[in-house]
Amino acid sequence: QVQLVESGGGLVQAGGSLRLSCAASGRTLSTNAMGWFRQAPGKEREFVARISWSAGSTSLADSVKGRFTISRDNAKNTVYLQMNSLKPEDTAVYYCGLVPWGSRSYDYWGQGTQVTVSS
């Protein structure tokens, strides 16, 4: 089993920055990739960013390219989401997920952290 704990959310003004962290514990040696998703009120959960655990290759949603960066610290089993130039439409609950080796899906999820961007 794997446990994921997000932190770093909060209230920020438009144009500001936040850095989210997601710490993984448990059977983390079998990690294939980790990613961030978000869900705004009344909307479906949407993909934000993904990073492969071994090579560190990344992918980002078009809506956040140029503003958000995903990175990882393998030694700390932690993935980060640096969010710059935040917009009110970035307001959502942000979740991190983990794809185990041998899986193509995010089998583990954190509890989520609220990000609110005021205009």
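Predicted model: local features only at pLDDT ≥ 70, side-chain atom pairs only at ≥ 80, totals over all residues.

Biologist: What is the order of the strands in the open sheet of 4 strands?
Modeller: β7 pairs on one side only, and so does β1, which makes these two the edge strands. β1 is joined to β3 over 6 bridges, and β3 to β8 by 6 bridges. The pairing in the sheet is antiparallel, and the order is β1-β3-β8-β7.

Biologist: By how many degrees are neighbouring strands of this sheet turned against each other on average?
Modeller: The figure is for neighbours within the open sheet of 4 strands. With direction ignored, the average is 15 degrees.

Biologist: Which residue of β8 is the bridge partner of Leu-18?
Modeller: Strand β3 spans residues 18–26, and β3 runs antiparallel to β8. Towards β8, the bridge partner of Leu-18 is Met-83.

Biologist: Turning to charges, is Arg-38 buried or exposed?
Modeller: Arg-38 meets Glu-46 in a salt bridge at 2.6 Å, N to O. Glu-46 has a relative accessible area of 36%, so it counts as partly exposed. The cut-off for buried is under 20%. Arg-38 has a relative accessible area of 6%, so Arg-38 is buried.

Biologist: How many residues apart in sequence are the parts that Asp-90 and Arg-38 tie together?
Modeller: The side chains of Asp-90 and Arg-38 form a salt bridge at 2.9 Å, N to O. Asp-90 lies in the loop between β8 and β9, whereas Arg-38 belongs to strand β4, so the pair ties together parts that are 52 residues apart.

Biologist: Which residues are linked in a network of salt bridges?
Modeller: Arg-38 has a salt bridge with Glu-46 and another with Asp-90. Arg-67 also belongs to the network. The linked residues are Arg-38, Glu-46, Arg-67 and Asp-90.

Biologist: Is Asp-62 buried or exposed?
Modeller: Asp-62 forms a salt bridge with Lys-65, the closest N and O atoms being 3.1 Å apart. Lys-65 is partly exposed, at 49% relative accessibility. Exposed means over 50%. Asp-62 has a relative accessible area of 65%, so Asp-62 is exposed.

Conventions
Residues numbered from 1 in each chain as written. Heavy atoms only, no water. Axes fitted to C-alpha atoms, helices over the stretch in contact; angles between N-to-C directions. Salt bridge = Lys/Arg side-chain N within 4 Å of Asp/Glu carboxyl O. Buried < 20%, exposed > 50% of the residue type's maximum accessible area, 1.4 Å probe, protein only.
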